[in-house]
Amino acid sequence: MTSTKEHILDAIRKNKPQDTQFPYPKIPLFPKNNQDILQEFKDNLVANAGTWYDINSIEEGNNKIKELHPQAKVICSAAVEFQGNKDLSPLTDSHQLENVDVGIIRAQFGVSENGMVWMTEKDMIVTSLGFLSQHLIILLKPQEIVRDMYEAYAKINLQESNYGCFMLGPSATADIGAVMVRGAQGARSLSVFFM
């Protein structure tokens, strides 16, 4: 007796056209809005509880980190621009990042239609840095922003990395009693430094 799954797969195999190649459907070019791309990114980031800052130097960035997170004891940076005081290179277990107050990561690019950023395991060095840090600082070049998710997916090369994710604002949940809780499953705050 064959399973339902096998029955379905057999029917597909029997009805599949033989010796015929079918191209993937073409993705249409969807109309774009005319809003300034950087301003749209900033507006959507703020709408999703993120913050942004124009940073002109490493010194200014270090001062802003101290201003935003004066109580931070453990700062861990995957970005070459900032040092931090916890080194990622010797870590072999993601649980070793459980005490990170501030995680700093450079995103590959942002998406203006929703204020998201794209990062891979190469950007985070240890992927849990993006999820166990209490507060995230994302470095982003303003010229590395695409308009929408169609452009974003065209920009991603899935063969280059084992893991990647789009990140939007700090972690949030409102499923219990419809009360918004930030940081329930990830960072309590997310700031983008344009630099």
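**Entry 1. Terms and source**

I take two strands as paired if DSSP finds at least two bridges between them. Helices (H or I, at least four residues) and strands (E, at least two) are DSSP runs, numbered from the N terminus. I note that this is a predicted model, in which local features need pLDDT of at least 70 and side-chain atom pairs count only at pLDDT 80 or more, while totals for chains, interfaces and linings use all residues. Residues are numbered from 1 along each chain as its sequence is written, and side-chain values use heavy atoms, with hydrogens and water left out.

**Entry 2. The chain as a whole**

I looked up the secondary structure and found six helices and eleven strands in the protein chain. I then looked up the radius of gyration, which is taken over C-alpha atoms. The protein chain has 21 Å, whereas a compact globule of 195 residues would have a value near 16 Å; the globule rule is 2.2 Å times the number of residues to the power 0.38. Along the principal axes, the C-alpha atoms fill a box of roughly 65 × 45 × 40 Å.

I next looked up burial, where buried means under 20% relative accessible area, exposed over 50%, and partly exposed in between (1.4 Å probe, protein chains only). Of the 195 residues in the protein chain, 38% are buried. The protein chain exposes about 12,300 Å², and carbon and sulfur atoms supply 53% of this area; the areas come from the Shrake-Rupley method with a 1.4 Å probe, and for residues only the protein chains shown count as cover.

For contacts (heavy atoms within 4.5 Å), I considered residues at least 6 apart in sequence, and 71% of those contacts join residues at least 24 apart.

I followed the pairing of strand 11 (residues 189-194). Strand 1 and strand 11 run parallel and are joined by four bridges, and Thr 51 has Ser 191 as its bridge partner in strand 11. Strand 6 also pairs with strand 11 in the parallel sense, over six bridges, with Leu 140 opposite Phe 194.

How many of the six residues of strand 11 are buried? I found six of the six buried, so strand 11 is largely enclosed by the rest of the structure. In a regular strand the side chains alternate between the two faces of the sheet. In strand 11, Ser 189, Ser 191 and Phe 193 are on one side, Leu 190, Val 192 and Phe 194 are on the other, and all are buried.

**Entry 3. Strands 6, 3 and 2**

I continued from strand 6 (residues 135-140) to strand 3; five bridges join these two, which run parallel. Strand 2 (residues 75-77) is also parallel to strand 3, through three bridges. Ile 104 of strand 3 stands opposite Ser 77, and its bridge partner in strand 6 is Ile 137.

Strand 3 (residues 102-106) is mostly covered, with five of its five residues buried.

I found four strands in an open sheet, in the order 7-4-5-8, with mixed pairing. Strand 7 (145-146) and strand 8 (164-167) stand at the edges with a single partner strand each, so one side of each is left without a neighbour in the sheet. Strand 4 (residues 109-111) pairs with strand 7 in the parallel sense over two bridges, and Val 111 stands opposite Val 146.

**Entry 4. Positive phi values**

Most residues other than glycine have a negative phi. I looked up two residues with a positive value. Ala 49 has phi near 70° and lies in the loop between helix 2 (37-47) and strand 1 (51-54). Its relative accessible area is 29%, so Ala 49 is partly exposed. Ile 125 has a phi of about 65° and lies in the loop between helix 4 (121-124) and helix 5 (129-132). Ile 125 is also partly exposed, at 47% relative accessibility.

Is Ala 47 buried or exposed? I found Ala 47 in helix 2, and it counts as exposed at 63% relative accessibility. Its C-alpha atom is separated by 17 Å from that of Val 179, 132 residues apart along the chain.

Ile 58 lies in helix 3 (residues 58-68) and is partly exposed, with a relative accessible area of 37%. Leaving aside neighbours within four places in sequence, I found Ile 58 in contact with Glu 81, Phe 82 and Met 195.
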